[in-house]
Amino acid sequence: MPKVIVYNTVTESLETFKLCEEDSMPYVWNDTMSVNEFRGSSKSPVLWTTVQAMEAWNATRQAYGGPIPVGFAFKRIWEGGHGLMSQHYAGISFDVGQRLSQRERDRIHSIALNLGVWGYVEPLSLTPTWVHFDRRYGRPACNTGYTTLRRGSRGVYVLVLQDCLNTLGYATNGLDGIFGIATEIAVKNFQGDYSLSRDGVCGCGTWNKITSLVKGKGPSSTTIDP
């Protein structure tokens with residue numbers, strides 16, 4: 001039975017749900033996306049996303065007025081399949097419409113753009129057989145990607161960071177989406193081992209190094225699940 005962690009970017013609160021694969025994702029309207037659809041090919045026993053990503057899906061699905069097949073949504077970073085700081089690893093990115101006609105994909109793309117609920121809608125020229133949109137949040141540490149994280153940060157980007165650290169053997173004492181003292185110590189130890197500024201802040205340089213080491217490497221003996 002999967003565990004689904006949902007972060008509210010407005011209230012900065014985290015909720016945890018125990019669901020079956022066929023259950024609807026939390027906050028999803030009218031059973032339009034199941035846990036299994038959101039999971040895709042991921043084998044992870046824990047999944048994560050945000051309330052705002054689910055609400056953006058609801059608005060898009062309602063405006064479209066019909067089923068939207070989800071090809072790719074969630075992955076953990078060590079499973080790979082996407083870029084170094086892909087929003088798929090944060091659970092807030094969707095590649096959809098692979099089984100639809102180009103005309104229908106064009107309509108979904110237009111709806112996603114016009115609604116203004118997504119942080120990013122990829123140009124159709126870059127997605128010839130699917131539509132990509134994601135509900136990223138915050139100012140990225142690099143030109144794209146995840147936000148700068150430090151003690152007190154919360155959310156799905158912290159979950160990605162903790163997943164990276166634990167997989168590389170730097171214990172955070174949990175996978176909870178909360179940047180506490182254990183996560184800060186783990187970041188400092190990682191930075192020290194890779195000649196980065198040992199400030200305990202995960203900025204662009206630390207993100208680039210840690211994601212390049214973890215992406216697609218598979219789970220390790222120190223990878224954990226909450």
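How exposed is E21? In this predicted model, E21 is partly exposed, with a relative accessible area of 26%. The views below begin with this residue and its partner.

**View 1. The salt bridge between R39 and E21.** The side chains of R39 and E21 meet at 2.9 Å, N to O. The pair links distant parts of the chain, 18 residues apart: R39 belongs to helix α1 (residues 35-39), and E21 to the loop between β2 (13-18) and α1. R39 is buried, with a relative accessible area of 8%, whereas E21 is partly exposed. A search of the whole structure finds 6 salt bridges.

**View 2. The salt bridge between R76 and D225.** Here the side chains form a salt bridge of 2.4 Å, N to O. R76 sits in the loop between β4 and β5 and D225 in the segment after α6, so the contact ties together parts that are 149 residues apart in sequence. The relative accessible area of R76 is 0%, and this residue is buried; D225 is partly exposed, at 40%. Together with D163, R76 and D225 are linked in a network of salt bridges.

View 3. Residues 156-167 make up α4, a helix of 12 residues. From its first C-alpha to its last, α4 reaches 16 Å, close to the 16 Å expected at 1.5 Å a residue. Just after α4, G169 takes a positive phi of about 95 degrees.

**View 4. The salt bridge between E184 and R151.** The side chains of E184 and R151 meet at 2.8 Å, N to O. E184 lies in helix α5 and R151 in the loop between β7 and α4, so this pair ties together parts that are 33 residues apart in sequence. E184 is buried, with a relative accessible area of 16%, while R151 is partly exposed, at 46%.

**View 5. Strand β5 and its two partners, β4 and β7.** Strand β5 (residues 93-96) runs antiparallel to β4 (residues 70-72), joined by 2 bridges. With β7 (residues 131-134), β5 pairs in the antiparallel sense over 4 bridges. V96 of β5 stands opposite V70, and its bridge partner in β7 is V131. Both faces of β5 are covered, with S93 and D95 buried on one side and F94 and V96 buried on the other. In a regular strand, side chains alternate between the two faces of the sheet.

Methods
Residues are numbered from 1 along each chain as its sequence is written. This is a predicted model: local features need pLDDT of at least 70, side-chain atom pairs count only at pLDDT 80 or more; totals for chains, interfaces and linings use all residues. Side-chain values use heavy atoms; hydrogens and water are left out. The expected span of a helix is 1.5 Å times one less than its number of residues. Buried means under 20% relative accessible area, exposed over 50%, partly exposed in between (1.4 Å probe, protein chains only). Two strands pair if DSSP finds at least two bridges between them. A salt bridge is a side-chain nitrogen of Lys or Arg within 4 Å of a carboxyl oxygen of Asp or Glu.
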